[in-house]
Amino acid sequence: MKINVVLPFDNLNAGDEFMSLEAITSIAPFIERLGFNGVNVTDHPCPSAKWLDNGGHYAQDPFVVLSMVAACTQQLKLCTGILVLPYRNPFITARAIASLDYLSNGRLMMGFGAGYMKGEYYALGADFEARNDTMDEYLQALKLALSGEDFSFKGTGYEARNCRILPTSKQRPHPPFLMGGNSPRAMRRAAELADAWYPFFTAPVISATARTAQINSIADLAKAKQYLLNHCEKINRQEPPFLMTGSIKAPGEQLSHAQYLDKIGQLADLGVSVTCYVPQGDTRQAWCDDLQQFAEEVLNKLPKEKTP
């Protein structure tokens, strides 16, 4: 089991504690030294004030933050968790993916999702009602654009005519595509177009707000995974997508370190290969202390990968 860390750079309430270059260049190497697999950032380029005032959160530009993390680390995986793909022209996204993966020496993991915030869709001029069809189209466009070859693609309102993006990504044919979302449509998309399925645990209120299916237990996840496997069999996909969860636990669930170990073991038994920890702390020191305690009491007690 590999564990990523959700970065705290959406916390604007503590001044420069998290929102500064010093914060990034001290926290990212610290995460790497503790032995975590990677880091995750979210994506909300233009959230509504109403959503923010009712429990929402800010998010910095994911490619900017991950580039800064890449510059001060050597091994950490750089993960979008998730990037709302329909917000951006797919070739703008392809150029950013290729640049970051190439310059980070192949460390990028691209988590994608259709998003759920109508107000943000309106602000960005994207079609909320067509977001699922847009996801499928943009994924196909991305794969062509990251091929390293000349490509042409006619999409909805745009057209690439014999174009080329070089250098393309270090990872071939592209960085891992992780398909976020709990819905049957998201699972089918993961089976048909992605390398991984990337669900997240929810609470009922979050499921309603995010317009996605509720998964708040290991049993829910196991049932959903079976749907994914059934669809892989239906489309004759021999090796199913790997499984990564957006967190170890459901929102609001309180776990001791021993309970974290037990929950991670249950996820591993279900076939999850990567999951994410969300440290707590209102200051940089408190946040790092929480992460270090988790590393000592949980991460370091997990079974190690066998070296060939």
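**The cavity.** I sorted the lining of the largest cavity by class and got six nonpolar residues, three polar and one charged. (Ala, Val, Leu, Ile, Met, Phe, Trp, Tyr, Cys and Pro go down as nonpolar, Asp, Glu, Lys and Arg as charged, and the others, Gly among them, as polar.) Val6, Leu7, Phe9, Asp10, Asn40, Val41, Thr42, Ala59, Gln60 and Val65 line this cavity. I put its volume at about 100 Å³, and one cavity of 30 Å³ or more is the count.

My terms: on a 1 Å grid over the protein atoms alone, a cavity is a set of points where a 1.4 Å probe fits but cannot get out, while a pocket is an open set with protein on both sides within 12 Å along at least five of seven lines; lining residues have an atom within 4 Å of a point. Points are joined across faces, edges and corners, and a volume is the space filled by probe spheres set on them.

**Ground rules.** This is a predicted model, where local features need pLDDT of at least 70 and side-chain atom pairs 80 or more, while totals for chains, interfaces and linings use all residues. Residues are numbered from 1 along each chain as its sequence is written, and side-chain values use heavy atoms, with hydrogens and water left out.

Next I checked the second largest pocket, with a volume of about 260 Å³. Its lining has 13 residues, and Met1, Lys2, Gly35, Leu299 and Lys304 are the closest to its centre. By class I noted seven nonpolar, three polar and three charged.

**Strand S4.** I then counted 11 helices and 10 strands in the protein (DSSP runs numbered from the N terminus: helices are H or I with at least four residues, strands E with at least two). Is S4 buried or exposed? Six of the six residues of S4 (residues 108-113) are buried, so the rest of the structure largely encloses this strand. Buried means under 20% relative accessible area with a 1.4 Å probe, protein chains only. Leu108, Met110 and Phe112 sit on one side, with Met109, Gly111 and Gly113 on the other.

For neighbours, I found S3 (residues 77-84) paired with S4 in the parallel sense over five bridges; DSSP must find at least two bridges for a pair. Valine 84 has glycine 113 as its bridge partner in S4. S7 (residues 177-180) also runs parallel to S4, joined by three bridges, and methionine 179 in S7 partners phenylalanine 112.

**Overall.** Of the 308 residues, 49% count as buried.

Terms used
Buried means under 20% relative accessible area, exposed over 50%, partly exposed in between (1.4 Å probe, protein chains only).
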